[in-house]
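Please keep the sequence and the model at hand while reading.

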Amino acid sequence: MVEYSNLQNKRQKLSDIIPLDTPFGIYIDPTNNCNFHCSFCPRNLDDFSEFAGHYKNMSYDLFSKIVEDIKEFHKKLKVIRLYYLGEPFINRDFIKMFELLVKEDICDRIEITTNGSLLSHEYSDEIIRIAKEYSGDIYVRFSIYGTSKDIYETVCRTDVDPQSIRDNISYLFEKRNSENVKNLFIYAKKLNTFNSENEIFYLQYRPIVDEVALEEPMNWSGAEKTDLLKESFSNEQRSKLEVHQMPKVCSYPFTNMAINSDGTVVSCCVDWSRKTYVGNVNENSLKEIWGDCPKTR
């Protein structure tokens, strides 16, 4: 399988392919709830519920409707990402949702992103079982926030022991290997803290995943007036942040959609405040929403 960090290397020139009759990818948020309260996450802003709606788990019926809508495109998507704003394993129907995607075979790749704290051995066993039935690739991405309990208590505001998270990931990795499942890739990532914590993370996770990576911290779209990194990063750390020049045109609105747990659809993968709202799958099909998207953009 291709390493997760290399998946984007085959990008096509946007001007050569738009408008698309079928999106490349869709985010589907099983829930906008989370068992962590990370200081850098917009979920903890005072006005989150005002813009993002009430905290909600997506119903299995709505998820099934979305899957049927995707089938109307009559073409496989490149990727469906089973996450967006929340921790997907909070939704008790998550495994059923994952299994339905595999059964219907409507995308080349499925991605799951999780903090790993709720990945029980039973869930891992189910993921392995279902992965064996899938013709495509599955990427499970673990968001790691630190290597000590103190960091989790300070940054994530949780009493979850990071060792239990590492144990959960290790079990999935060993189970995957023992079952010889070739289409399941395990990836661990952490925000770059520009200190010795990075190396500790590498040492802890390299033996139990296929790839480890550092990601650069960023401020979420719609949170321009709030410094979400202030509580998590010291002034010294923040001074080391690279300032990347933003592209003149973002490709995502032309190639992807994100479906919130209540069925509302936005065209930006970091738009928690729904400023790029383009429709609602409770009211229209995804094909109708996608067809109308260029008019709203």
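The side chains of N192 and N198 make a polar contact at 2.8 Å. A polar contact is a pair of N or O atoms within 3.5 Å; within protein, one must be able to donate a hydrogen and the other to accept it, and residues adjacent in sequence count only if both atoms are side-chain atoms. N192 is found in the loop between β5 and α8, and counts as buried at 10% relative accessibility. Buried means under 20% relative accessible area, exposed over 50%, and partly exposed in between (1.4 Å probe, protein chains only).

The model is predicted: local features need pLDDT of at least 70, side-chain atom pairs count only at pLDDT 80 or more, and totals for chains, interfaces and linings use all residues. Residues are numbered from 1 along each chain as its sequence is written, and side-chain values use heavy atoms, with hydrogens and water left out.

## The buried sides of two helices

Helix α8 covers residues 197-205, and its buried residues are E197, N198, F201, Y202 and Y205. They lie on the same side of α8 because they cover an arc of only 140° around the axis, the arc being that of the directions from the helix axis to the C-beta atoms. An α-helix has 3.6 residues a turn, so residues three or four places apart point the same way. The cover over the buried residues of α8 includes β4 (137-144), α6 (149-156), α7 (162-178), β5 (184-191) and β6 (211-215). Helices (H or I, at least four residues) and strands (E, at least two) are DSSP runs, numbered from the N terminus.

In helix α5 (residues 121-131), the buried residues are S124, I127, I128, I130 and A131. Among the elements that cover them are α4 (94-104), β4, α7 and β5.

## Salt bridges

The structure holds 17 salt bridges, a salt bridge being a side-chain nitrogen of Lys or Arg within 4 Å of a carboxyl oxygen of Asp or Glu. One of them joins E111 and R109 at 2.9 Å, N to O. E111 is buried at 0% relative accessibility, and R109 is buried at 14%. Another pairs R129 with E133 at 3.6 Å, N to O. Here R129 is partly exposed at 31% relative accessibility, and E133 is partly exposed at 49%. A network of salt bridges links E99, E126, R129 and E133.

What does the salt bridge between D262 and R274 tie together? The closest N and O atoms of this pair are 2.9 Å apart. D262 lies in the loop between β7 (256-259) and β8 (264-266), and R274 in the loop between β8 and β9 (277-280), so the pair ties together parts that are 12 residues apart in sequence. D262 is partly exposed, with a relative accessible area of 23%, whereas R274 is buried, at 14%.

I17 lies in helix α1 and counts as buried at 19% relative accessibility. Leaving aside its neighbours within four places in sequence, I17 is in contact (heavy atoms within 4.5 Å) with Q12 and F24. The C-alpha atoms of I17 and T255 are separated by 9.6 Å, although these residues are 238 residues apart along the chain.

I18 is placed in the loop between α1 (14-17) and β1 (25-28), and is partly exposed, with a relative accessible area of 31%.
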